[in-house]
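Have the view open while you read, and take the points in any order you like.

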Amino acid sequence: MSKGFTKEDVIQNKKEAIKALNKMLESFINNPSGKHLKKAHLISYWIKDYVQMINIEQKFEPTKNIAYKRGNIIKLNFGFNIGSEYGGLHYGIVLDKKNDHNSPVVTVIPLTSIKDSSAVHPNSVELGNELYKSLKLKYDTISKALKDEQQEIIQTIAAFSSLVDLAEKTLQSSKGKENVNELQAELDEVEKYLNAAEKIDALWREKQQHNEEQQEYLDKIGEEISRMKKGSIALVNQITTISKIRIFDPRNLKGVLAGVSLSEDGMKKINNKVKDLYVF
C-alpha cells in the first residue's frame, strides 16, 4: 500500500522539487563553458509545455482529434527525455494496427533526419525522401486545384459583368418607351438579368472565400516543407506510446499532415525491422 500523506507533505515536496529544479537550471545557465545553456533552454521550454498539457488533460477529448491509422505521419512533442531517449518536436509514424478514435493514446515510431556524417543504425530504417515527397505531392495537388479554381473565379466574374451590362443596356433601351406592355417586358428582362447576376455574385464570393482559405492552407504546407529535411530515418528501437495531447499536427482534417502516410513499401520495411528486433 502507498504511504499516506498530508497537505503539508505535498507542500514540502513541492518546495523541494522547485528548489532542486531551479538549482539545476541555474548551474546550467551559469556554467562558464556555456555548454549546458541549450539544455537549460530546452528543459525550461518543456516544463512550460508540460504544464500546459497537464492543464488541458481533464478536458481533453480524443474524439475531437481525427482518427489515426497505421502508417499515418504525425508531428508530436516527445518532450525532454533522459539520456538517449528521443525528445523534442518531431515527426512520427503511427504503429497501431487499430487505434480506437476514443483512445487517449497512440503508439508511434519516432522519425529523425539523415545525418551525412553517420551511417544508419542497425536498429533503424532508412526511408529516403518519402515523407518529403508525400507532403510535396499534397502541396502540388492543392496548388493545381487552386489555379483551376482561380480560373473559374475569373470566368464567374466575367459572367457577372456581362449580365450587369445586359441589364444596363436593357434599362437604357426602355427609356422613352410609352407602351406599358413593352416597358414592363423590358423591366422584367432587367430583373431577370439582375437576379441571375446576384446568384453569380454569391457563387463568386463563395469560391473566393474557399480559394483564400485554401491558399492559406497551402502556405502552411509550404512552410512545413521549407523546414523539412528530405531524408528520414525511423527509430524502430524507440517505439513509444504517447498521449494524443502531445500531437501537434494533424489534429483535424485541416492539419498540414492530414492524409500524409508512409507507403506500403515503407511500412513493410518497418514491419520487418520490428520482427527482427522484437519477435522471437
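1. Ground rules. This is a predicted model, where local features need pLDDT of at least 70, side-chain atom pairs count only at pLDDT 80 or more, and totals for chains, interfaces and linings use all residues. Residues are numbered from 1 along each chain as its sequence is written, and side-chain values use heavy atoms, with hydrogens and water left out.

2. The largest pocket. Its volume is about 770 Å³. Of the 29 residues lining this pocket, Trp46, Asp49, Met53, Asn77 and Leu89 are the closest to its centre. A pocket here is an open set of points on a 1 Å grid over the protein atoms alone, with protein on both sides within 12 Å along at least five of seven lines; lining residues have an atom within 4 Å of a point. Grid points are joined across faces, edges and corners, and a volume is the space filled by probe spheres set on the points.

3. Who builds that lining? Helix 2 (37-57) and strand 7 are the elements that give two or more residues to it, and helix 2 has the largest share, with eight residues. Helices (H or I, at least four residues) and strands (E, at least two) are DSSP runs, numbered from the N terminus. By type, the lining of the largest pocket divides into twelve nonpolar, eight polar and nine charged residues.

4. Strand 2 (89-94), strand 3 (105-113) and helix 4 (180-227) each give two or more residues to the lining. The lining of the second largest pocket splits into six nonpolar, five polar and five charged residues.

5. The cavity. There is one cavity of 30 Å³ or more, a cavity being a set of points where a 1.4 Å probe fits but cannot get out. Its lining consists of Ile73, Leu111, Leu127, Glu130, Leu131, Ser232 and Leu262, which divide into five nonpolar, one polar and one charged.

6. A cis bond to check. Which residues does the cis peptide bond join? Asp249 and Pro250, with omega at about -5°. Most peptide bonds are trans. Pro250 sits in the loop between strand 7 (247-249) and helix 5 (264-278).

7. Two residue pairs. Is Val106 buried or exposed? Val106 is in strand 3, and it counts as buried because its relative accessible area is 1%; the cut-offs are under 20% for buried, over 50% for exposed, and partly exposed in between (1.4 Å probe, protein chains only). Val106 and Thr240 are 134 residues apart in sequence and 8.5 Å apart in space, C-alpha to C-alpha. Pro32, in the loop between helix 1 (7-30) and helix 2, counts as exposed because its relative accessibility is 85%. Between Pro32 and Trp204 there are 63 Å in space, C-alpha to C-alpha, and they are 172 residues apart in sequence.

8. One more residue. Tyr278 belongs to helix 5, and its 44% relative accessibility is why it counts as partly exposed.

Methods
Nonpolar A, V, L, I, M, F, W, Y, C, P; charged D, E, K, R; others polar.
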